[in-house]
Amino acid sequence: MIELILSAPASGSGKTVLACALLGALKGRGLNPCAFKCGPDYIDPMFHRAALGVDSRNLDLFLADEDTVREQYRRYAGGRGAAVVEGAMGFYDGLGGSTHRASPWHAADTLELPVLLAVRPKGASLTLAAQIRGLLDFRQPSHIAAIFLTDCSPMLAGSLKPMLEGETGLPVLGHLPHLEEAELESRHLGLRTAGEIGDLPQRLRRAAETLEEAMDWERFFALFDRRPGWAAPPSRAGGGGVPLAVARDEVFCFAYAETLDALRDAGAEPVFFSPLRDEGVPEGACGLYLPGGYPELYAGRLADNRAMRACVRRLVEGGMPTVAECGGFLYLGRSLEGADGGSYPMAGVLPGDGVRRDRLVRFGYANLRAEGDSLLFRAGETVPVHEFHYWDSTDNGGDLTAVKPLTGRSWRCGFVSGRLYAAFPHLYFAGRPGLAERFVRAAKEYGEERISHEV
């Protein structure tokens, strides 16, 4: 089985293009690869999915403990011929930027995976060797097995390869030249989502074809073909679970595939719908999940769907168990400032108005502390979360306390009750299965209450 973590000295090194090219090339070779992303990133897994046609998964060592991450890796790599894990930021960049916890190195160490280091040789040559030597020595074992040059001309690669191999002792497996047709545009939350790039399949195909010719496959397989694969997990029988309405469209696109699996494991059956296009929440749903996304880009169209806004408000105020994170939280507010500067009415369940800021707001990991029992939490519990948004609300709620793990900085946030979680922080149900179990249990009770009232 081919296994590796694809990391880099820093962001902007071309990891995602290389990861998608590698996934496409491995798929073309009949290896049935799967993909993972270190950290809480929602966007890069969309590109992995576009390259493979199946979900990519997140491996996050802040949102889940090491045993859970190992279990998740084995679960989703089972039955596959290759597994590619894309790192986030720089190789050792972890919690708070000052520890290696939850870094790609931490993932490599936890999963005992070799690392392919993507190096973009922009404005440096011999200095690259010094930087790589530093990466090799900084933690032991480093797990770095090889180098791959990105955004690098053939001429430059020809001169760098022997020097880097001599100075670092690592093989250089190849290079990708600058591929203008394979570039992935960025926006304030990182790359544009895969669904927004109309010719993405052609771009990814071009990158995979180029990598197929550029990679030293003999050395690649010698380094990363490590052990027999695991058997695929038994498939779940579909249907029969508690129906949960899950918003999924170009607006609400930030839902972890593992969170949905955690809900299924707890006895739910996700039923997808679009707040942008549908007239109401799916008939028979017993719970509502509104994940994050980009509501600010579609604020006018969300506002125009009055039937959906009215339906969501009626159901939430009527007691349907609801989880609304970040973009979903903004959708439940009174109004939302769109990316165009206009103000648009939203569902009106919560008192705040969504407004744009000129910087990231409360960015990064935190721990949520509950002071009382609610839909998802029990008094005294602490749950790891993350935030990543440029929009804020004039009323963020105050039912929970969020605490930064290194600095201790804290703030109040969230609206919670026995049937509601609505706040900016994103939850990771796969790291805390009890949250999914509580959500599904409440949804089942709601469904039973509705049936008894109808009778």
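M89 sits in the loop between β4 (82–86) and α4, where helices (H or I, at least four residues) and strands (E, at least two) are DSSP runs, numbered from the N terminus. Its phi is near 50°, a positive value in a residue other than glycine. M89 is partly exposed, with a relative accessible area of 48%; buried means under 20% relative accessible area, exposed over 50%, and partly exposed in between (1.4 Å probe, protein chains only). All of this comes from a predicted model, in which local features need pLDDT of at least 70 and side-chain atom pairs count only at pLDDT 80 or more, while totals for chains, interfaces and linings use all residues. Residues are numbered from 1 along each chain as its sequence is written, and side-chain values use heavy atoms, with hydrogens and water left out.

Just after α4 comes E112, with a positive phi of about 55°. One of the covering elements, helix α3 (residues 66–77), holds Q72. Q72 is buried, at a relative accessible area of 7%. Setting aside neighbours within four places in sequence, Q72 is in contact with F36, L59, E258, Y428 and A430.

Now for the nonpolar cores. In soluble globular proteins, nonpolar side chains tend to be buried together. A nonpolar core here is a set of buried Ala, Val, Leu, Ile, Met, Phe, Trp, Tyr and Cys residues joined through side-chain atoms within 4.5 Å. The largest one has 86 residues, and Y73 and F220 touch the most other members. Helix α1 (residues 15–28) gives the largest share of this core, 8 residues. F220, leaving out neighbours within four places in sequence, is in contact with I2, L4, L22, L26, L173, M215 and D225. Apart from this core lies another, of 70 residues, with M320, C326, A347 and V349 among them.

Helix α1 also packs against helix α2 (residues 43–52): their axes come within 9 Å and cross at roughly 25° (axes are lines fitted to C-alpha atoms, for helices over the stretch in contact, and angles run from 0 to 180 degrees between N-to-C directions). The two helices are therefore roughly parallel to each other, a label for angles under 35 degrees. On the α1 side the contact is made by T16, A19, C20, L23 and K27, and on the α2 side by D44, F47, H48, A51 and L52.

Back to C326, which lies in the loop between β13 (322–325) and α12 (327–331). C326 has a positive phi of about 50° although it is not a glycine, and it is buried, with a relative accessible area of 6%. C326 is also one of the contacts of G292, along with V251, F252, C253, F254, E325, G327, G328 and H426, when neighbours within four places in sequence are left aside. G292 is in the loop between β12 (287–290) and α10 (299–304), and counts as buried at 0% relative accessibility.

Notes: Contact means heavy atoms within 4.5 Å. Angles under 35 degrees count as roughly parallel, over 145 as roughly antiparallel, 65 to 115 as roughly perpendicular and the rest as oblique.
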